[in-house]
Amino acid sequence: MKVYENISLKPYNTFGIDVKARRMVVVEPKDKVPDLDGEVLVIGAGSNMVFTKDFEGTVIIAGARRTVSDADVVTQSRGGAPSPICVTAWAGMVMDDLIQWTLDHRLYGLENLSAIPGTVGASAVQNVGAYGAEAKDFIESVEAYDMVGKRHCTFSNDDCQFAYRDSFFKHHPNRYLILRVTYRLSHEFVPNLGYKALEGLPHDTAQQLREAITEIRWQKLPRPEEHGSAGSFFKNPVVDEKVYRHIKSEHPDMPEAHLSVGGYKLSAGWLIDRAGWKGKTKGRAGVWPKNALVLYNAGGCTGEDVAALAKEIQQDVKQKFGVDLEPEALII
Ligand SMILES: Cc1cc2nc3c(=O)[nH]c(=O)nc-3n(C[C@H](O)[C@H](O)[C@H](O)COP(=O)(O)OP(=O)(O)OC[C@H]3O[C@@H](n4cnc5c(N)ncnc54)[C@H](O)[C@@H]3O)c2cc1C
């Protein structure tokens, strides 16, 4: 275990925002999770966080694994046809590296989640999703340390209460340190091509599909090493049928909404674009020119710049469409 005092969080968030944490504890797979006093913040790779000020408490991190070796992952066959296989990985592992590892070992399922930044642990907190797949479709169980109850616990898929970009862990922030996630995968590659943007992509092998998905993702998103961001900044809002029909009648070119739990899921990116924000910058934060759902660091921005821009967009979309946008990114 490593402990740092007064450490900059700039390398620990993909927005590249420079704030400090009073203390940081990095836990490795064999360490006992220490008891911590005061306010605690769990960080993975900070790919979905916006820091608006210094953090006066303790940041705790499941130590990052930049390369995945066979020793970091445990596989266990579950028998039966077509014989699913469970893969257990350390929470601090880079999720995309784990996905490559699974394909290298002919284990399939996670390929549509390729190139989503962040860690294995956060994949369960966030229920990460892309191109018609979500982490919840594969997560078998989650091992965590309850930092309040001071005990280890295991959550089944049901216990995790997964929903769109949501889970039990999101409703109990900074209480559980996820240590390991077990995914249920398959020996058989069955391409999941239901998502419209995947039409026509090569998919003879899972590796081909992974590479094609990675390529189309980066055509629409800023690469973290070039421009800081947290990916999609807002969730796609769910509205009732009356609101949906009203907006659709005024804007017939609005994309068809997907029927979802609680109503009709609209495209937040389309609403922001139509409100005129795509490509605009405010101070040192901006709206990504190729994808209005993404706010980015236009050069040395602070978390306050990002939060102020987000607030203005929310107010404008509310005024123009009567729709509330909820941030997907965590503003701290
Ligand atoms: C360019 C870009 C593209 C993106 N595209 C997508 C996308 O397509 N789909 C998608 O779903 N997301 C996307 N995201 C968002 C982000 O990748 C995910 O939310 C990811 O899961 C965050 O991982 P992280 O390790 O960085 O978590 P962090 O941002 O560090 O943390 C996220 C949350 O998880 C908690 N957490 C992290 N690790 C642990 C742990 N070990 N134990 C307990 N809690 C923990 C944190 O407290 C926090 O609440 C994108 C982000 C970027 C920058």
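How many residues surround the ligand, and which are the closest? In this predicted model, 33 residues surround the ligand, and V42, G44, S47, P117 and T119 are the closest.

**Around the ligand**
- The shell has 19 nonpolar, 12 polar and two charged residues; Pro counts as nonpolar here and Gly as polar, while Asp, Glu, Lys and Arg are the charged ones.
- At least two shell residues come from each of β3 (40–43), α2 (120–126), β8 (129–130), β12 (176–185), α3 (206–220) and β13 (229–232). Helices (H or I, at least four residues) and strands (E, at least two) are DSSP runs, numbered from the N terminus.

**Polar contacts (N or O pairs within 3.5 Å)**
- Backbone N or O atoms of G46 and N48 each sit 2.8 Å from a ligand oxygen atom.
- At I178, a polar backbone atom is 2.8 Å from a ligand nitrogen atom.
- On its own, the ligand has 970 Å² of accessible area (Shrake-Rupley, 1.4 Å probe), and the protein covers 94% of that.

**The nonpolar core**
- The largest nonpolar core has 58 residues, and I60, V142, F155 and Y183 touch the most other members. Core members are buried (under 20% relative accessible area, 1.4 Å probe, protein chains only) and joined through side-chain atoms within 4.5 Å.
- β12 gives this core the most, seven residues.
- Domain 1 (2–62) and domain 2 (70–218) each supply at least three residues to this core.

**Reading the numbers**
- Residues are numbered from 1 along each chain, and side-chain values use heavy atoms, without hydrogens or water.
- Local features need pLDDT of at least 70 and side-chain atom pairs 80 or more, whereas totals for chains, interfaces and linings use all residues.

Definitions and conventions: A residue is near a molecule or strand if one of its heavy atoms lies within 4 Å of it. A polar contact is a pair of N or O atoms within 3.5 Å; within protein, one must be able to donate a hydrogen and the other to accept it, and residues adjacent in sequence count only if both atoms are side-chain atoms. Buried means under 20% relative accessible area, exposed over 50%, partly exposed in between (1.4 Å probe, protein chains only). Domain bounds come from an automatic or database domain assignment.
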